[in-house]
Amino acid sequence: MSASDTKERIAWIVRPAKIEDESAVNDLLMNSYGSLLADKYEAEFLKKSLPLITKGREELLTCGTWYVVEDPRDGSLTGCGGWTFRQPANTEGGLKVPHLRHFATRSDVTRKGIGRAIWNRSWQDITKMSPKGDKTSLEVFSTLTAEPFYASVGFQKVKELTLPIAEGCDFPCILMRREALS
Ligand SMILES: CC(C)(COP(=O)(O)OP(=O)(O)OC[C@H]1O[C@@H](n2cnc3c(N)ncnc32)[C@H](O)[C@@H]1OP(=O)(O)O)[C@@H](O)C(=O)NCCC(=O)NCCS
């Protein structure tokens, strides 16, 4: 029997986020990023950057393709994440590509398939909403922490870069890409 056969299988409920989820999403982002990013980012840097990256953004909470995950056993929020169309990294104008946004799993329930459940839902919607035969790639600016997760759903590292998130605060991350909708 493999390790994944022994995992508890939970039928996570994935639904589009609503503006009313804002407060619970803020708590979730702080819980997740505040605890899980500590393996790759310095404590001093997190103190400065966490308040800037742990706010549920209105554009995501209302876009319909950014989701929250509920625990079917008690209705609590265990994850969030999704996608929007965006300009590919380092290009100007032209075609926008699906870009994964702000994935987070509550720190006490990692490695139980929540991130993958959001990815599966995103993938389902991306393939439905993209023209037939579309060969565009998908992108994500991954935290240094989440690289193995995105690799597990088919993304490859393109390069490391920093995203300016505020005056004097550049956030180190990894541009990852998944080729073609196949
Ligand atoms: C990235 C994140 C959302 C993954 O969520 P998750 O619910 O734990 O992921 P899943 O349980 O669906 O994992 C799916 C697969 O990804 C890979 N994976 C996930 N976390 C991993 C880790 N810490 N180390 C190695 N592989 C990992 C594994 O292959 C895993 O499958 P397995 O558990 O059967 O081996 C979560 O770790 C997180 O919230 N991180 C902090 C916030 C963050 O960095 N978000 C990314 C923003 S760009």
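Two strands pair here if DSSP finds at least two bridges between them. Strands (E, at least two residues) and helices (H or I, at least four) are DSSP runs, numbered from the N terminus. The model in these views is a predicted one, where local features need pLDDT of at least 70, side-chain atom pairs count only at pLDDT 80 or more, and totals for chains, interfaces and linings use all residues. Residues are numbered from 1 along each chain as its sequence is written, and side-chain values use heavy atoms, with hydrogens and water left out.

**View 1. Strand 1 meets strand 2.** Strand 1 (residues 13-16) pairs with strand 2 in the antiparallel sense, over four bridges. Look for Ile13, whose bridge partner in strand 2 is Glu70, and for Val14, whose bridge partner there is Val69.

View 2. All five residues of strand 2 (residues 66-70) are buried (under 20% relative accessible area, with exposed over 50% and partly exposed in between; 1.4 Å probe, protein chains only). Trp66, Val68 and Glu70 point one way, while Tyr67 and Val69 point the other way. Strand 2 also runs antiparallel to strand 3 (residues 77-86), joined to it by five bridges, and here Glu70 stands opposite Leu77. The two strands make a hairpin with six residues between them, and Gly75 in the turn has a positive phi of about 75°.

**View 3. Strand 7 and its two partners.** Seven of the ten residues of strand 7 (residues 169-178) are buried, so the rest of the structure largely encloses it. Strand 5 (residues 138-143) is joined to strand 7 by six antiparallel bridges, with Val140 partnered by Met176. Strand 6 (residues 156-166) is also antiparallel to strand 7, through nine bridges, and Glu160 stands opposite Ile174. Strands 6 and 7 form a hairpin too, with two residues between them and a positive phi of about 75° at Gly168 in the turn.

View 4. Seven strands make an open sheet in the order 1-2-3-4-5-7-6, with mixed pairing. Strand 1 and strand 6 sit at the edges with a single partner strand each, so one side of each has no neighbour in the sheet. Neighbouring strands are turned by 25° against each other on average, direction ignored. For angles, axes are lines fitted to C-alpha atoms (for helices, over the stretch in contact), and values run from 0 to 180 degrees between N-to-C directions. Helix 1 packs on the sheet, touching strand 2, strand 3 and strand 4 (97-105), and its direction makes about 80° with that of strand 4. Helix 4 (residues 114-129) lies across strands 1, 2, 3, 4, 5 and 7, at about 30° to strand 3.

**View 5. Nonpolar cores around Phe171.** A nonpolar core is a set of buried Ala, Val, Leu, Ile, Met, Phe, Trp, Tyr and Cys residues joined through side-chain atoms within 4.5 Å. The largest has 24 residues, and Val25, Tyr33, Leu37, Trp66, Cys80 and Phe171 touch the most other members. Helix 1 (22-36), helix 2 (43-53), helix 3 (58-61), strand 2, strand 3 and strand 7 each give it two or more residues. Leaving aside neighbours within four places in sequence, Phe171 is in contact with residues including Leu37, Tyr41, Phe45 and Ile165 (contact means heavy atoms within 4.5 Å).
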